[in-house]
Amino acid sequence: MDRNLTVRMVTILVILGICLYLLYPTYQYFTRYRNLTEEQVAELSETERRNAREVLQKSMKLGLDLQGGMHLVLEIDEASLGGGDRRDAQDRVMEILSTRVDQFGVTEPTITRQGTNRILMQLPGVEDPERAKGLVGDVAQLEFRMVREQVEIVNVVQAINDLLVGKEADADTTAAAADTSVAPPMAAADTSSASPADTSAVAAADTSILPELPDLPGSELEVADSNQFGGLFVDLNFGALYAPDDGYRVERVEEFLQREDVRAAINRTVPRSEFLWSSEDGPLTPDGVPTKLLYLVSTQVDLKGDRLQDARAEPDPDRPGGLQVRFRLDRRGARKFSQLTADNVGKQLSIVLDGVVKSAPSIRGRIPGGEGSISGSFTDAQARDLAIVLRAGALPVQLSIVEERTVGPTLGSDSLSRGLTAALVGLGVTILFLLIYYQFAGLLASLAVIMNLVIVLAAMATLRAALSLPGIAGLVLAVAMAVDANVLIFERIREELRKAKTVTASVDAGYKNALSAIIDSNLTTLFAGIVLLYAGTGPIKGFAVTLCIGIIASMFTALFVTRFAFDAITHRRRLKKLAIGSFRLVGDTAIDFIGKRRSSFVLSTIVILVGLGSIAVRGGIRLGVDFTGGVQVEVAIEENVGEVVDIGRVRDAVAAAGYDNRNIQQVGGAEQNHFLIHLQTVEERSLSPDEAEAQEGESSTIATTTSERILQSLRDEFAGAVTLRSVESVGPKVGNELRNAAIEGVLAAMLLVVLYVAWRFEFRYGVATLAAVAHDVLVTLGLFSLFNKEMTLSIVAALLTLVGYSVNDTIVIFDRIREELKQKQRRESFESIFNAGINKTLTRTILTSFTTLFVLVSLLVYGGEVIHDFAWVLMIGVIVGTYSSIFVAAPLVIVWQKRRAEREARRAA
């Protein structure tokens with residue numbers, strides 16, 4: 001073997017070895033660690049755990065759609081920045097969120113900057129989305145403020161009553177006053193043992209923590225028609241007013257407290273004071289109605305949470321079975337806390353977190369050391385999460401969730417299984433076809449395709465690029481492109497062999513003649529992938545990464561690996577015959593494609609007009625949540641497994657949650673009982689003009705409440721047998737941005753392709769290519785509308801892939817036409833030369849379309865509902881793109897040429 005062949009062989013073996021080495025951790029992860037339970041992980045030795053962590057860090061990442069998890073885009077409220085620097089605030093938020101997420105226990109989280117005021121978070125494997133959103137979104141502004149004394153509270157309540165009676169003396173106050181029949185004033189409480197959190201009766205706090213306060217006038221407020229504010233409460237005890245949470249009184253209290261005149265009355269009576277609700281539930285009324293606690297606290301912050309040094313969840317010694325969050329202040333904070341408690345013995349100190357009173361203990365004496373606790377009715381998760389946000393520190397700004405995508409672990413696992421099945425079936429059918437059609441050469445092509453996959457997966461593992469479901473589609477499409485390159489080469493080799501050339505000469509000529517078509521067609525598809533990479537988001541970006549790496553790898557394997565194999569075989573012995581197959585799907589043809597251009601133009605025009613008519617009748621393409629904003633929830637209902645759930649019950653449950661503007665459809669098989677609930681808006685209530693301007697409909701509270709309410713209503717209807725499979729929540733502002741980015745991406749891809757074709761060929765070829773691409777997009781969109789399918793980000797990725805595929809097909813034909821023009825030097829008419837170019841590439845065109853369709857049918861059948869529409873669009877696009885390359889692009893160049901010749905003839909005359 002000569003030196004050149006040795007170098008090439010070593011290069012291939014080294015690259016293959018490196019790729020297999022890079023993929024070995026992925027192999028270890030999937031075969032040894034991925035399915036371990038928490039109990040099994042706990043039983044591992046420390047060495048084994050360390051090895052598992054290293055394997056996880058080096059293995060290929062899976063996208064959220066393949067393993068479940070959350071994708072959040074958080075936007076900084078610029079109004080809360082004050083005079084601060086936006087970039088600095090963004091950096092601080094990212095640091096705090098990273099600390100919180102790490103302590104939360106998310107494996108391999110991703111937190112990245114998006115623009116100047118947004119942060120992208122990806123949290124794989126999260127099984128409790130609402131808890132994760134609460135942990136991420138809590139501002140965690142911890143403050144210590146004094147609670148006003150009981151007599152001051154009574155005076156404020158009386159002042160508000162006087163204000164309301166004076167302003168509304170002539171109004172009918174019956175509706176405004178509380179109905180005393182449902183919750184009479186509570187009896188005097190036994191103050192010996194119970195606490196305000198006790199739900200069995202109104203009682204005083206534990207005397208060991210909160211000493212009993214003396215009885216004050218008005219400690220039990222009488223209900224009267226004129227007592228509009230005080231009448232909404234049933235008791236005043238331990239610095240807190242008790243408001244029955246009966247669906248009226250708490251809301252009415254909040255309504256009063258929002259009024260400017262009421263706030264002014266509070267500050268006139270007791271300056272620098274405000275009412276704040278407690279996070280703890282109060283005791284039940286004698287009629288069993290729960291109460292909420294309302295504290296009057298000072299607006300002066302005596303100590304802030306920035307002095308907090310540590311916080312831990314631990315058992316509460318005063319509440320058996322309960323939890324508290326014990327905190328420790330730094331040295332400066334400890335001195336200040338010591339002085340604060342010494343100056344206010346016998347008074348209540350409120351611990352306020354994000355505007356809510358967490359607890360309000362009485363100060364029994366000076367507290368040195370800077371340690372204290374926050375008690376309450378915490379669950380284990382709530383206590384741990386509170387400790388996490390306190391340790392991580394307060395967010396410097398307000399955040400809102402403007403985009404949310406949640407995939408349940410069941411759906412993720414199902415998508416992974418289906419995606420891999422589709423990929424393997426598509427790959428298997430393609431390899432089988434190559435072996436049958438091209439025999440030994442097909443074996444070489446199959447090995448090259450497998451190596452192509454190994455290179456792509458190894459590159460993704462090294463770059464830490466996540467493999468998503470659209471990424472699997474991109475991978476499969478890259479395989480189709482690799483097959484296309486080999487088909488181009490093999491068909492050119494067969495042509496040379498039919499001319500009775502030697503095997504060596506035929507191989508050399510085949511690679512040489514196919515080179516320009518391979519480079520041009522792959523580069524144009526690569527351009528589309530690069531546009532997707534920079535302009536796309538979420539699933540589109542994952543698709544683009546895989547496609548770009550796959551195209552580069554396919555060019556390497558087709559032009560370098562298989563060429564080495566042919567050269568190595570022909571170098572050893574002078575082959576007289578090459579096993580490259582003799583069967584021809586399409587023989588020598590002489591079809592007058594150009595002569596049929598008028599018929600093809602009329603047919604295309606009709607199809608486009610029908611599609612545009614459908615779009616007009618339907619009022620445009622049906623846009624998904626990605627582009628309109630809103631909430632889309634997918635659920636699985638497991639009531640009476642095996643029976644079909646009536647969709648009417650689902651519709652009624654969603655309506656009961658307060659949503660009439662909804663679109664509900666069943667997805668998957670009827671027996672699966674999977675339902676997709678699509679809401680065009682996420683608003684829960686009417687926003688004031690100021691709120692609407694500040695939030696633009698994208699409040700995290702609103703989005704969270706929407707999915708929570710729907711899920712709870714469904715669980716009420718179906719006795720809890722409801723599983724959340726996925727949630728998508730996109731604010732209208734983000735929807736507009738995604739829509740604009742999608743349009744810009746398609747236009748940019750088309751422009752890049754046209755400029756490249758115009759540079760490589762002539763300007764008229766570029767214009768004809770643009771027209772063919774526009775034709776393919778319009779026809780596909782028209783059919784998309786006719787079948788009433790929904791436009792999503794994944795469909796935009798399919799359309800951009802269609803652009804690349806259509807141009808790929810067109811360039812192969814143009815490349816052969818250019819070759820024919822050089823050989824015949826225009827001794828024949830343009831029509832005959834163009835026809836010859838199309839006929840000579842017809843076998844390759846059909847073969848490539850077939851192999852691509854093998855893959856797409858596999859995606860359609862085995863890929864599941866998540867990728868169904870994506871594969872459907874690509875199938876239509878492949879068929880339409882093949883048609884336009886033959887019947888639209890080439891004939892348009894002829895039309896251009898004829899008109900130019902006619903103009904030149906008129907000038908000459």
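Select Thr792 and show its surroundings. Leaving aside neighbours within four places in sequence, Thr792 is in contact with Asp626 and Phe627; contact means heavy atoms within 4.5 Å. Thr792 sits in the loop between strand E21 (790–791) and H23. Helices (H or I, at least four residues) and strands (E, at least two) are DSSP runs, numbered from the N terminus. Draw a line between the C-alpha atoms of Thr792 and Phe627: they are separated by 7.3 Å, though 165 residues apart along the chain. Thr792 is partly exposed, at a relative accessible area of 22%. Buried means under 20% relative accessible area, exposed over 50%, and partly exposed in between (1.4 Å probe, protein chains only).

Before moving on, note the ground rules. This is a predicted model, in which local features need pLDDT of at least 70 and side-chain atom pairs count only at pLDDT 80 or more, while totals for chains, interfaces and linings use all residues. Residues are numbered from 1 along each chain as its sequence is written, and side-chain values use heavy atoms, with hydrogens and water left out.

**Whole chain**

Zoom out. The chain has 26 helices and 21 strands. Of its 909 residues, 53% count as buried. Among contacts between residues at least 6 apart in sequence, 77% join residues at least 24 apart.

**The largest core**

Now select Tyr765, Met791, Phe814, Ile817 and Phe834. These have the most contacts inside the largest nonpolar core, which has 72 residues. Such a core is a set of buried Ala, Val, Leu, Ile, Met, Phe, Trp, Tyr and Cys residues joined through side-chain atoms within 4.5 Å. Colour the helices that each supply at least two residues of this core; among them are H14 (503–535), H22 (763–786), H23 (793–824) and H26 (865–908). Centre on Phe834. Beyond four places in sequence, Phe834 is in contact with Ile594, Tyr765, Ile817, Ala890, Val893 and Ile894. A second, separate core of 62 residues includes Leu475, Val479, Ala485 and Ile518.

**Aromatic pairs**

Show the rings. Rings of Phe, Tyr and Trp (its six-membered ring) pair if their centres lie within 6.5 Å; planes under 30 degrees apart count as stacked, over 60 as edge-to-face and the rest as tilted. By this rule the count comes to 23 aromatic pairs. Go to Phe761 and Phe814. Their ring centres are 6.1 Å apart and their planes at 65°, so the pair is edge-to-face. Phe761 lies in the loop between H21 and H22 and Phe814 in helix H23, so the pair ties together parts that are 53 residues apart in sequence. Both Phe761 and Phe814 are buried.

Tyr765 lies in helix H22 and Phe814 in helix H23, so the pair ties together parts that are 49 residues apart in sequence. Relative accessible area is 4% for Tyr765 and 0% for Phe814.

Next, select Phe433, Tyr437, Tyr438, Phe490, Tyr511, Phe566 and Phe854: they form one aromatic cluster.

**Glu491**

The side chains of Glu491 and Tyr438 make a polar contact (2.6 Å). A polar contact is a pair of N or O atoms within 3.5 Å; within protein, one must be able to donate a hydrogen and the other to accept it, and residues adjacent in sequence count only if both atoms are side-chain atoms. Glu491 is in helix H13 (residues 469–498) and is buried, with a relative accessible area of 10%.

**Asn452**

Move to helix H12 (residues 409–463), where Asn452 is placed. Asn452 is buried, with a relative accessible area of 0%. Its contacts beyond four places in sequence include Ala478, Val479, Gly550 and Thr557.

**Last stops**

Select Lys789 and Trp872. Lys789 lies over the face of Trp872, at 5.1 Å from the ring centre. A charge sits over a ring if NZ of Lys or CZ of Arg is within 6 Å of the ring centre and within 35 degrees of the ring normal.

Finish at strands E12 (residues 349–353) and E13 (residues 356–359), which pair in the antiparallel sense over three bridges. Two strands pair if DSSP finds at least two bridges between them. Ile351 has Ser359 as its bridge partner in E13. E12 and E13 form a hairpin with two residues between them, and Asp354 in the turn has a positive phi of about 55°.
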